[in-house]
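Happy to walk through some of the labels used for this model with you. Let's take them one at a time, asking what stands behind each.

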Amino acid sequence: PRPSAPMDASDLRALAKEREARQRPAAAAATTSPPLPDSWRAKPAPSSRGAMPSLSGAHRSILLARMFGVGLHLLSPLFWMLGFGRLALLLLLGGVGFARGGGALVHGAVPPMLRETERPPSKEEMDAAAGAGLYCVAGVRNFGPNLASEWAMALESLAFVCTYGKKNCLTNEMYRGELSLGKIAGLVWGKLREGVVRC
C-alpha cells in the first residue's frame, strides 16, 4: 500500500475546527436548562400579602352569621337601585352587625340540625372573629383577598345549610370539586324538582 502523505499545519487546523464545531452543540445542550412546563410558568409568584387570619376553624354559628352578613350585603345594592335607599342602608349596616357579632343570635335561632355543637359561641370566640376577615378596619385595608375569603366561607356555609351538615343525597355532588353559587342552586333546585325536600 502507498503511504499516505503527511498532513501539513493547515490540515491540522481544519480538523481541530471541525472537532470543536461537533463538541459545541453538545456542550450547549448540557448547560441549557429545559423549559418550564406551561402549568408551572402560569403560576403567579407567591405573595406575602394575603387575607386576614382564616376563620375556617371558627364556631359554626359564627360562620353562619358571616354568611347572613354577606347575603344582606348582596341585597343592599338591589334595594338601592329600586329606590329604597334607607332600607338598603339598614341592610348594609345590619350585614356588618350580623357578621361581626351575630353568632350567638344565629345559634339560638337556627334549628338544631344546623348546630355543630349545643354550646353557643363564647365571648372570646366572638371577639376573635370580629377582628378577622373583611369586617374590621384591617380587613377593609386588604379588601380584595378578604372579600374572596368571605365569599368562599359563605359558599361553604350555604352548602352546609343545604346538606343539613350531614352526608345525604346532596353531599357527594355538593363537595365534588369547587363550590359555586350556581352549583349549589342547581343541585338544590334539581332535588326540589324531583319532589325531594329532605334527603
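Q: What makes the lining of the largest pocket count as nonpolar, polar or charged, and how do its residues divide?
A: The lining divides into 10 nonpolar residues, one polar and two charged. Here Ala, Val, Leu, Ile, Met, Phe, Trp, Tyr, Cys and Pro count as nonpolar, Asp, Glu, Lys and Arg as charged, and the others, Gly among them, as polar. This is a predicted model, in which local features need pLDDT of at least 70 and side-chain atom pairs count only at pLDDT 80 or more, while totals for chains, interfaces and linings use all residues. Residues are numbered from 1 along each chain as its sequence is written, and side-chain values use heavy atoms, with hydrogens and water left out.

Q: Which residues line the largest pocket nearest its centre, and which helix gives the largest share of the lining?
A: Of 13 lining residues, His 73, Leu 134, Tyr 135, Phe 143 and Leu 147 lie nearest the centre. H8 provides the largest share, four residues. H3 (60–81), H4 (85–101) and H8 each supply at least two.

Q: Which helix gives the most to the lining of the second largest pocket?
A: That is H3, with seven residues. Among the residues lining this pocket are Met 67, Phe 68, Gly 71, Trp 151 and Leu 181. The lining divides into 11 nonpolar, one polar and no charged.

Q: Why is H8 called roughly parallel to H10?
A: The axes of H8 (residues 143–162) and H10 (residues 181–193) come within 10 Å and cross at roughly 10 degrees. Angles under 35 degrees count as roughly parallel, over 145 as roughly antiparallel, 65 to 115 as roughly perpendicular and the rest as oblique. The crossing angle therefore makes H8 roughly parallel to H10.

Q: Which residues of H8 and H10 meet?
A: From H8 come Trp 151, Leu 155, Leu 158, Ala 159 and Cys 162, and they meet Leu 181, Ile 184 and Val 188 in H10. Contact means heavy atoms within 4.5 Å. The residues of this contact divide into eight nonpolar, no polar and no charged.

Q: How do you know that the reach of H10 is close to the one expected?
A: The expected span of a helix is 1.5 Å times one less than its number of residues. H10 has 13 residues and reaches 18 Å from its first C-alpha to its last, close to the 18 Å expected. Just after H10, Gly 195 takes a positive phi of about 85 degrees.

Methods: Axes are lines fitted to C-alpha atoms, for helices over the stretch in contact, and angles run from 0 to 180 degrees between N-to-C directions. On a 1 Å grid over the protein atoms alone, a cavity is a set of points where a 1.4 Å probe fits but cannot get out, and a pocket is an open set with protein on both sides within 12 Å along at least five of seven lines; lining residues have an atom within 4 Å of a point.
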